[in-house]
Amino acid sequence: MLKETLAYISKAKIFIKLNIRQAFYQIRIDLGFKDLTIFRTRYRLYKYKVLPFGLTNGLAIYQQYINNVLFDYLNNFYTAYLDDIIIYSKNKLEH
């Protein structure tokens with residue numbers, strides 16, 4: 001997979017890097033799984049409504065989300081790894 005990605009990017013001359021870190025905290029947890037995120041404080045129990053950082057497999061779920069949203073354009077003019085998206089093109093006009 002790395003060789004394929006490098007093959008696509010090696011032909012490009014213009015790059016833009018986007019960091020979409022905040023999108024991680026926008027992914028809602030299914031109602032059936034909220035009970036698995038319960039934590040207790042001195043005063044009461046809390047459940048996460050959105051994906052918390054550090055949750056097991058959270059990064060894999062986030063990567064799958066990004067790939068699903070942008071699937072039609074994957075390796076055409078962008079590639080993504082977690083919260084970093086690289087948009088690339090061969091010239092200014094194409095970009």
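Guide: In this predicted model, strands β4 and β5 form a hairpin with two residues between them, and leucine 82, in the turn, has a positive phi of about 50°.

Visitor: What makes β4 and β5 a pair?

Guide: Two strands are said to pair if there are at least two bridges between them; β4 and β5 (residues 84-89) have four bridges, in the antiparallel sense, so the term applies. Within β5, isoleucine 87 is the residue that stands opposite tyrosine 78.

Visitor: Which residues of α2 are called buried?

Guide: They are Gly58, Tyr62, Gln63 and Ile66, and the word is used because each has under 20% relative accessible area. β4 (78-81) is included in what covers them.

Visitor: Why are the buried residues of α2 said to line one face of the helix?

Guide: Seen down the axis of α2, they fall within an arc of 135°, and therefore they line one face. An α-helix has 3.6 residues a turn, so residues three or four places apart point the same way.

Visitor: Which residues make up the largest nonpolar core?

Guide: This core has eight residues, namely Phe24, Ile27, Leu51, Tyr62, Ile66, Tyr78, Ala80 and Ile85, and α2 and β4 are the elements that give two or more residues to it.

Visitor: What does isoleucine 85 touch, leaving aside residues up to four places away in sequence?

Guide: Isoleucine 85 touches Ile16, Lys17, Leu18, Ile20, Leu70, Tyr78, Thr79 and Ala80, where contact means heavy atoms within 4.5 Å.

Key
Residues numbered from 1 in each chain as written. Predicted model: local features only at pLDDT ≥ 70, side-chain atom pairs only at ≥ 80, totals over all residues. Heavy atoms only, no water. Buried < 20%, exposed > 50% of the residue type's maximum accessible area, 1.4 Å probe, protein only. Arc of directions from axis to C-beta. Core = buried A, V, L, I, M, F, W, Y, C linked by side-chain atoms within 4.5 Å.
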